[in-house]
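Subject: Handover of a structure and findings

Dear colleague,

Please find below the structure that I am handing over to you. My findings follow directly after it.

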Amino acid sequence: MTRDKISVFTNGTDVSDKVFHKLKKILEDHDHHVVPHYSGDSDLIVCIGGDGAFLETMHKCDFPTCPIVGINTGHLGFFQEFLPDKLEDFIQAYEKKQYSLQQLNTVRCTVSTHAGEKFSHIGLNEIAIKGGNSFSVHLFISIDGKPIEKFSGDGILVATSAGSTAYNYSLGGSIADPRLKLLQVTPIAPMNTTAYRSFTSSILLPSDLSIGVVPEGDENEIRILNDGIETEYENVKNIQVTASDQVVNLIRFKDYDFWHKVKDKFLETN
């Protein structure tokens, strides 16, 4: 009797494809049904690759609600839970339900144009707002409708807790425990002049507050990057960034500890 329907995705590398075929055989030996795509009735999603592959899978599946687990064949692997040599351990723990679900929050931005159009983007890691053609950008930024700064620089990044160790961290932002539901606003190459006074460090906000962004004057070319997916807009009236109600349910096994992973990935050397 078939047990669970399991969707498996890979990043297409040789090593990931080898892991896929090995995993598929083991799962089918355990009477699970393995498919290389996602549908709403999937019981589990397995992502083979690194963090980039994980993010790509989440967007491809439109941030599914079913449990997700990652096999790390990439580099850092913050989202990925275990290595390819632990496939049997994973299946055994999964079937015995010896795991917990780590809920990762997402961030949403809504772009409104002067033509009355609205466009929405969701990120698991972050939303970045930049100028077109890599030009510097001037932005009026408000928090919950209250003006906070006139920003000048390459742009701003709004990261989730899960995304705090990604682009946000490379910009000098703070590492946040993923159990915290917050938004972190981090400047990208800010400039301080007599005309513009910008924060040079990140700001941590509770998730029920919104960030408003209005391009200055005739600046109408704005790039939105949600988890690195780039969309360019013209005639932007304003942008609203808020916490999204969509969550990702990531499987974590009994030995998982976020701060141990931070130490292992950022501080320890081989």
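Arg 223 is buried, at 12% relative accessibility (buried means under 20% relative accessible area, exposed over 50%, and partly exposed in between, with a 1.4 Å probe and protein chains only). Its side chain meets that of Glu 230 in a salt bridge, with 3.4 Å from N to O (a salt bridge being a side-chain nitrogen of Lys or Arg within 4 Å of a carboxyl oxygen of Asp or Glu). Glu 230, in contrast, counts as partly exposed at 45% relative accessibility.

Please note that this is a predicted model, in which local features need pLDDT of at least 70 and side-chain atom pairs count only at pLDDT 80 or more, while totals for chains, interfaces and linings use all residues. Residues are numbered from 1 along each chain as its sequence is written, and side-chain values use heavy atoms, with hydrogens and water left out.

Asp 227 lies in the loop between strand S13 (222-226) and strand S14 (229-233) (helices, H or I with at least four residues, and strands, E with at least two, are DSSP runs numbered from the N terminus). The phi of Asp 227 is near 55 degrees, a positive value in a residue other than glycine. Asp 227 counts as buried, at 13% relative accessibility.

Salt bridges elsewhere

A search of the whole structure finds seven salt bridges. One of them joins Glu 95 to Arg 3, with the closest N and O atoms 3.0 Å apart. This pair links distant parts of the chain, since Glu 95 is in helix H3 and Arg 3 in the segment before S1, 92 residues apart. Glu 95 is partly exposed, with a relative accessible area of 28%. Lys 5 and Asp 41 form a salt bridge as well, their closest N and O atoms being 3.0 Å apart. Lys 5 belongs to strand S1 and Asp 41 to the loop between strand S2 (33-35) and S3, so this pair ties together parts that are 36 residues apart in sequence.

Helix H3 and the residue that follows

Which residues of helix H3 (residues 87-95) are buried? They are Leu 87, Phe 90, Ile 91, Ala 93 and Tyr 94. Seen down the axis of H3, these buried residues fall within an arc of 165 degrees, so they line one face of the helix (the arc is that of the directions from the helix axis to the C-beta atoms). They pack against strand S1 (5-10), helix H1 (14-29), strand S3 (44-49), strand S4 (68-72), strand S5 (99-113) and strand S15 (236-253) (contact means heavy atoms within 4.5 Å). Just after H3, Lys 97 takes a positive phi of about 55 degrees. Lys 97 sits in the loop between H3 and S5 and counts as exposed, at 62% relative accessibility.

Two further positions

Ile 127 is found in strand S7 (residues 126-131) and is buried, with a relative accessible area of 0%. Ile 127 and Ala 159 are 32 residues apart in sequence, yet their C-alpha atoms are 6.4 Å apart in space. Leaving aside residues up to four places away in sequence, Ile 127 touches residues including Val 107, Cys 109, His 121, Val 158 and Leu 225.

Thr 73 is placed in the loop between S4 and H3. Beyond residues up to four places away in sequence, Thr 73 touches several residues, among them Asn 11, Val 15, Ile 48 and Pro 84.

Cysteines

The count of disulfides comes to zero (a disulfide being a pair of cysteine sulfur atoms within 2.5 Å). The sulfur of Cys 61 is 7.6 Å from the closest cysteine sulfur, in Cys 66, too far for a bond. Cys 61 is buried at 7% relative accessibility, and Cys 66 is buried with a relative accessible area of 9%.

The chain as a whole

The protein chain has five helices and 15 strands. Buried residues make up 50% of its 270 residues. Among contacts between residues at least 6 apart in sequence, 70% join residues at least 24 apart. The C-alpha atoms fill a box of roughly 65 × 45 × 35 Å, taken along the principal axes.

With kind regards
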